[in-house]
Amino acid sequence: MADCIFCKIAQGEIPSTKVYEDDQVLAFRDLDPQAQEHVLIIPKKHLESVLALKAEDRDLAAHILIEVVPEIARSLNIDASGFRLVTNTGADGGQTVGHLHFHLLGGRSLTWPPG
């Protein structure tokens, strides 16, 4: 999508501090971190939110959750201590960018409820 900031980041039009990248996914540091480690994980394919995932996106979703998230957690040394993985959906869910993304937060004890 032409005006999507995350699409522009995925295409390299806007710089980011990359933590992980492959042909389907980009992960980069959040500009306003809410924990010692705060990484945004985005599919390079534009999807508005988790609700936009279709059956044909099954492999992408599995890749993110089964391969990418654990690899990033290990690389940040937060796999043993624990982390939080969040995706906000819609206005009431706190979604501020209309592109599916996951927040990976760790490096400190996280409280509940989050807010």
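In this predicted model, I41 is in contact (heavy atoms within 4.5 Å) with V25, L26, A27, I64, V68, V69, I72, L100, H101, F102 and L104, residues up to four places away in sequence being left out of the list. I41 also belongs to the largest nonpolar core, which has 17 residues, and is one of the members that touch the most others, together with V25, I64, I72 and L104. A nonpolar core is a set of buried Ala, Val, Leu, Ile, Met, Phe, Trp, Tyr and Cys residues joined through side-chain atoms within 4.5 Å; buried means under 20% relative accessible area with a 1.4 Å probe, protein chains only. Two or more residues of this core come from each of β2 (25–29), β3 (37–43), α2 (58–75) and β5 (102–106). The most is given by α2, with 6 residues.

Residues are numbered from 1 along each chain as its sequence is written. Local features need pLDDT of at least 70 and side-chain atom pairs pLDDT 80 or more, whereas totals for chains, interfaces and linings use all residues, and side-chain values use heavy atoms, without hydrogens and water.

The chain contains 2 helices and 5 strands, arranged along the sequence as α-β-β-β-α-β-β; these elements are DSSP runs, with helices (H or I) of at least four residues and strands (E) of at least two, numbered from the N terminus. The C-alpha trace spans about 35 × 30 × 30 Å along its principal axes. Of the 115 residues, 37% are buried. Among contacts with a separation of 6 or more, 53% link residues 24 or more positions apart.

The largest pocket holds about 690 Å³ of space. A pocket is an open set of points on a 1 Å grid where a 1.4 Å probe fits, with protein on both sides within 12 Å along at least five of seven lines; lining residues have an atom within 4 Å of a point. The lining comprises 30 residues, and D30, Q34, H38, L40 and H103 lie nearest the centre of the pocket. At least two lining residues are supplied by each of α1 (5–10), β2, β3, β4 (83–86) and β5, with α1 giving the most, 3 residues. By residue class, the lining divides into 14 nonpolar, 11 polar and 5 charged; Ala, Val, Leu, Ile, Met, Phe, Trp, Tyr, Cys and Pro count as nonpolar, Asp, Glu, Lys and Arg as charged, and the others, Gly among them, as polar.

Notes
Buried < 20%, exposed > 50% of the residue type's maximum accessible area, 1.4 Å probe, protein only. Points joined across faces, edges and corners; volume = space filled by probe spheres on them.
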